[in-house]
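Student: I would like to work through this structure with you, one point at a time. Where should we begin?

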Amino acid sequence: MAESLRFYSCLQRGLALSLGQEADQYGRPTQANNNISFGVRLKGDYEDIHQNFEIRGPADVIGLQQSQIHRTEPKPNTPDFEPNFFPFIEFKSAELPWAYSFTNKSNSGRLRPWLALVVLEQQADYQFSATGHGNNGILSIKSEAGTLLPDLEQLFAWAHVQQSGFAGSAANNNLSELYKEQPESFISRLVCPVRLKRNTSYQAFLVPCFEAGRLAGLGQDVDVTNYSDAWAGDTQSLDLPVYYQWSFMTANADLEELLRRLTPFPADETIGLKDLDLSNPRGGLDVQQLGNLPQDAKEPIVSFKGALTSPIAKPKKQHPRHKKKFEQKLTETLLKKTKKPDDKQNYDPLEHDPVVTPPVYGRWQNPVAVDKTQDLPTWMSEANLSPDQRAISGVGADVIRLHQEDYMAKAWEHARNVRDIQIELQKARLAVTVSEKVHKNIAKLSDEALLQLSNNMHRKLSATTDKKTIFYKIKESAFVPTGVTDSQMRRQSARQHKVLRKLYPQNNSTLEAGKISGKVVQACIQPTQTIKKLAQFKPSSFMSYDVNYEAQQTVQSATGSPKKKKVVLADTYINIPISAASFSAKATLPVSNGSATEEGSVNKDLNLRTVAQKIRVKTNPKVNVQKDVYGRISGLSPTSSTSVPIPKFADVPLEFDEAVYKKLQAMNPEFLLPGFGAIPDNSASILSVNPKFIESYLMGLNHEMSRELAWRDYPARLNGTWFKKFWDYIGKPNQKDIGNIHEWKPKSKLGKHAYGFEPGSKESRTVLLVKGDLLRRYPNLVVYAVQANWKPKRTIKDAEWTVIDPSAEMKYEDITRYADVARAKTEMPVFRGKISDNAHFLGFNLDIKELTGSVEKGDERAGWFFVFEEHVSEPRFGLDMAVPEEPWAGVPSIIQDFSWNNVAENQEDLDGLSHLTIDRTWLAGKKIENVKWGENSAQMARLTYQNPVRVMFHADALIHQGED
């Protein structure tokens, strides 16, 4: 079911519906009855029981909670409210305006609310005090109160209930059932039908409209049965309690009138161009050396072409002879170098001292040391030697010089922790240097020694591609006991161990460190027949195999129970307890299935020699320290040094995410669009984007920023592209206009480095310029392009365009449907901005050649419309602006054409209206689209509801066609 709006004249619930009285023709109570009698009749000989209940009325209200207010129109302090619209206030409670109205609605749905919205011009004869009884303010009108305030007899017509959203599932759309089902979709609204003036300040007040409510709000004695009006047409002075108040100011026109004022302006060939005189160049160029122009040539003037230009702009170009001489002399000046004197006597300071030459834009981003023009990249040559492009780059450099302190402050803020980073880098470089010395010694160890030394790392290092750790692989291996790589075994068998020191007190250095345990590890690394021997080893063979006694003493085989053996070494006797059981418990190798495996098939899953080599690689401090540093400090650029893998300085990745066209616009709008002043107000025009300007301007910005960073010793690579964004893109903060300048290809031309276009789009952009109050007043106005279609049976002579829905205004229920259909052939703007406060532009990814379409036979292109569409927002109420040239006092055929012309007999009558009244004789009882004028508030809400506005211009009317 489609979303819609529904208006109801009033809403009442509870005991008020049992008052038993009906309102009169103005929605007022007909009698002062606020009591309801309830009776109970009992069976048998009993008297009936009666009880009276008093219904609360306006005399019981002394204030209003601010939380009840949903919104106001206009919002407080609005500076430009439409003078043809009506102010109003909304309440969260849909029944609040009639909760204390003393009566039921009339047969025609009329019911006066107990509140009224009053809007007064600030220069009127009244005074407002924020302090009064309770939390109320006091509005004191000194004179002619009845004229300034709305007519209470017609107040019923300006308070209604609105239901928004879906109709719901309630049977027959019964209001009571709908309210129970969807109470959140209902609100109530009080409208003030005041006739506002243009450019005038107003104050709005929410006040009671019954005399009983007025007195109660002022804290005075009150008769609860008094239902008379708080004021009449002849009332002079009056004090009113104020429950809510806000201020606003009106504008000169509404959206629809501003759209009607908007006229197409096809920009001619002069828009976007400015003359650049080369007759007297400066900066070291000698005009005499440029040669004289031919007599038939014009003055040496070229066109400065702005970022935006007319689609048919015709820039002036240099004469070929002047261009050649100019570029030759400029090249000599730009690339001038100092010369060394032949001897001290031939020294000339003007010739041999260093000179300051004009800048070569782009050299920081693409540093080249050349003496010939043809060696420069094509884009760099064009940007530096073409006078117009060089002037644009100079403007970019001026922007940096003007804002250098701001940009440097942002740059240092971006690198605020660079000092801490530098300290970390120095520590890392020191760690690499020291660790490298240690690692070299460790790497020289034998495989078996390295495996034992690195035992504590085995749980953290992977052994194979399956990412299982060395410790795990050794543990699951059938032929490698975990003990062989244990550091405890190495320590027990090292020459420093106290037992071995006693065995060899005089020459224990001849015993190689870790020899006993190393032999076991080596046997595991190189599985041979030794594995089989070790698998069946005897303690005696172990000792004889692993221990080499310098004194040629042997230890006899230990068998049986533990016993002491006497060993003679250099006249020293040491008793060594030897236990075969203890050795076998520590050194017996586990064997699969209880027996050794054949040679060549031992431990295929684990090669400890390969593991040892992997440990050497993975303990390399160059790799590990660099990985740690790059993991903790983001943005570091890899160093080219092979000796130390850590850079000496942190390379800060600086980039200013800023639409730099704004700096250009602030400097001078004529840089952005030369000839801007010639475009009239209240006009719309199509312009082209000049990509050469954008690239030259960004080159100047980046060049000068590199110079500034170098001067300030900023820690960054000075060939960076600090500015990449020219336009202010909509919803795409990462969109750029160019990429890195140092990556531009040498043979590429200036203006061909567009970056960030949508996939499949052409490298062409169209800009819609709107000059006037339209987009300043309505910055959220929806503007887009929609492709046109030919009307059926078109002819070449009578070519007409149409779109899906060519109506000037949209109906509320059609908005979503239209948007869904039209979006298939629409283009939304990709960027937007402004040249001045009253001139805004929007950029589209559209080829300007496709906009106008074609009327030639066989060419079915119908071109594009540019659409201005009011943003779909909360409902608003009012009448269209009066147009003196149109008829007065008429009945419109459709509701959307209702204007102030229809409610007045002439301009004088309109000027005399303080409020819109429903007693216009020519409208009384008339139906417009089956809605009756003045019947009740629901019907008046529908008649004054303002549909969103849409206006379309075909591109054919916005683009200058040039000469035939």
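**Cores, a helix and a sheet**

Student: In this predicted model, which residues is Phe841 in contact with, leaving aside its neighbours within four places in sequence?
Tutor: Contact here requires heavy atoms within 4.5 Å. With neighbours within four places set aside, the partners of Phe841 include Arg832, Gly833, Lys834 and Ile835.

Student: Which residues have the most contacts inside the largest nonpolar core?
Tutor: That core has 66 residues. Its largest share, eight residues, is supplied by helix α23 (residues 691-711). Apart from this core lies another of 53 residues, including Tyr8, Cys10, Ala145 and Ala230. In the largest core, the residues with the most contacts are Tyr697, Phe723, Phe726, Trp727 and Phe841.

Student: What span should helix α20 have, at 1.5 Å a residue?
Tutor: Helix α20 covers residues 621-632, which makes twelve residues. The expected span is 1.5 Å times one less than the number of residues.

Student: Why do the buried residues of α20 line one face of the helix?
Tutor: The buried residues in question are Pro621, Val625 and Val629. An α-helix has 3.6 residues a turn, so residues three or four places apart point the same way. Seen down the axis of α20, the buried residues line one face because they fall within an arc of 45°.

Student: What do the buried residues of α20 pack against?
Tutor: On the other side of α20, Lys627 and Gly631 are exposed. The buried residues of α20 pack against α10 (418-443).

Student: Which residue of β14 is the bridge partner of Phe81?
Tutor: Strand β5 (residues 78-81) runs parallel to strand β14 (residues 244-250), and two bridges join them. Within β14, Phe81 has as its bridge partner Thr250.

Student: And which residue of β14 is the bridge partner of Tyr202?
Tutor: Strand β12 (residues 201-208) pairs with β14 in the antiparallel sense, over six bridges. The partner of Tyr202 in β14 is Phe248.

Student: For the protein as a whole, what percentage of the contacts with a separation of 6 or more is between residues 24 or more positions apart?
Tutor: The secondary structure comes to 27 helices and 32 strands. Of the 964 residues, 47% are buried. Among contacts with a separation of 6 or more, the share from residues 24 or more positions apart is 73%.

Methods
Residues are numbered from 1 along each chain as its sequence is written. This is a predicted model: local features need pLDDT of at least 70, side-chain atom pairs count only at pLDDT 80 or more; totals for chains, interfaces and linings use all residues. Side-chain values use heavy atoms; hydrogens and water are left out. Two strands pair if DSSP finds at least two bridges between them. Helices (H or I, at least four residues) and strands (E, at least two) are DSSP runs, numbered from the N terminus. A nonpolar core is a set of buried Ala, Val, Leu, Ile, Met, Phe, Trp, Tyr and Cys residues joined through side-chain atoms within 4.5 Å. Buried means under 20% relative accessible area, exposed over 50%, partly exposed in between (1.4 Å probe, protein chains only). The arc is that of the directions from the helix axis to the C-beta atoms.
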